[in-house]
Amino acid sequence: MRLDVVSIFPEYLAPLRQSLLGRAVADGRIQLEVHDLRRWATDRHRSVDDTPYGGGAGMVMRPDVWAAALDDVAPAGATVVVPTPAGHPFSQATAADLARREHLVFACGRYEGLDQRVVLDAARRVEVLELSIGDYVLAGGEVAALVVIEAVTRLLPGVLGNPESAVTDSFGEGSPGLLEHPAYTRPVEFRGLAVPPVLLSGNHAAIARWRRDESLRRTARRRPDLVARLDPATLDAADRAV
Ligand SMILES: COc1ccc(Cn2ccc3ccc(-c4cc(N)[nH]n4)cc32)cc1
């Protein structure tokens, strides 16, 4: 997979060169290039924003600068991801879809976002996805790009340390729509708090049942919206008794 990220704060993307992803980039399993949007600015002040038509607070990012950048960075076949508070909700399913693509380009805006014609023009030749990572407002697209890139690249074979966990994690296909159960490690007692005895029993059926029950309990308590969406088939008779 190739990743290109365009931003006026390229140093915001430095975390992409850390940890497991950084190792995949260093050994060439993932190609990563971060671009400073001001490279495509044309005036002597290298300006990238202007006042909004129709009035209102803040500034809007100029279409000419962004279009020139995407012309260079997003060839036919690339997928352009535009983080925005007004985007389609980013989900694990979207992450799995993006993980199957060869080339992702992230257009990280600032100010009040990009002139909409940047999206409309790019969509004439590549797929453009406007994505929101949640119902809260960030100051720019860089952190959202980091979130999407991490969620996507951890699904790529050979990038994540333990491929099994990409399946069993919350929202992974291995645990349809349930939150992760609590996890424990040594010591068996810590500050007067014990590990649930079933986890020490060696009874794998009982452990699986406990983990399932804890996932259901946690999901019902914290995410009733997910419970409403659960496929009844995933809840066997025993689960219904929980
Ligand atoms: C019109 O209202 C606003 C529009 C933009 C902004 C700041 N901003 C500029 C670019 C940019 C890209 C992504 C995001 C973002 C994404 C999510 N889920 N939250 N916030 C925020 C962004 C503030 C307010």
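Let's start with Asp 49 in this predicted model: leaving out residues up to four places away in sequence, Asp 49 touches Met 59, Val 60, Met 61, Arg 62 and Tyr 111. Asp 49 belongs to strand β3, which covers residues 49-50. Now look for a charged partner. Asp 49 is buried, yet it has no salt bridge. The nearest side chain of opposite charge is Arg 38, and that sits 5.7 Å away, whereas a salt bridge here needs a Lys or Arg side-chain nitrogen within 4 Å of a carboxyl oxygen.

On to the greasy parts. Nonpolar side chains tend to be buried together in soluble globular proteins. Here, the largest nonpolar core has 28 residues, and those touching the most other members are Leu 3, Val 5, Leu 16, Ile 30, Leu 98, Phe 106 and Val 152. Two or more residues each come from β1, α1, α3 (92-99), β6 (103-107), β7 (127-132) and α5 (142-153). The largest share is from α5, with six residues.

Skipping neighbours within four places in sequence, Phe 106 is in contact with Leu 3, Asp 4, Val 5, Val 6, Val 81, Ala 145, Val 148 and Ile 149. Another core, of 24 residues, lies apart from the largest one; Ala 69, Leu 70, Val 80 and Leu 114 are among its members.

Phe 9, Tyr 12, Tyr 136, Leu 138, Val 143 and Val 147 make a nonpolar patch of about 490 Å². One of these, Tyr 12, lies in the loop between β1 (2-7) and α1 (19-26). Tyr 12 counts as partly exposed because its relative accessibility is 38%.

Key:
Residues are numbered from 1 along each chain as its sequence is written. This is a predicted model: local features need pLDDT of at least 70, side-chain atom pairs count only at pLDDT 80 or more; totals for chains, interfaces and linings use all residues. Side-chain values use heavy atoms; hydrogens and water are left out. Patches are made of residues with over 30% relative accessible area and no salt bridge: like charges are joined within 9 Å, nonpolar side chains (Val, Leu, Ile, Met, Phe, Trp, Tyr) within 5 Å. Accessible areas come from the Shrake-Rupley method with a 1.4 Å probe; for residues, only the protein chains shown count as cover. Helices (H or I, at least four residues) and strands (E, at least two) are DSSP runs, numbered from the N terminus. Buried means under 20% relative accessible area, exposed over 50%, partly exposed in between (1.4 Å probe, protein chains only). A nonpolar core is a set of buried Ala, Val, Leu, Ile, Met, Phe, Trp, Tyr and Cys residues joined through side-chain atoms within 4.5 Å. Contact means heavy atoms within 4.5 Å. Lys and Arg count as positive and Asp and Glu as negative; His and the chain ends are not counted.
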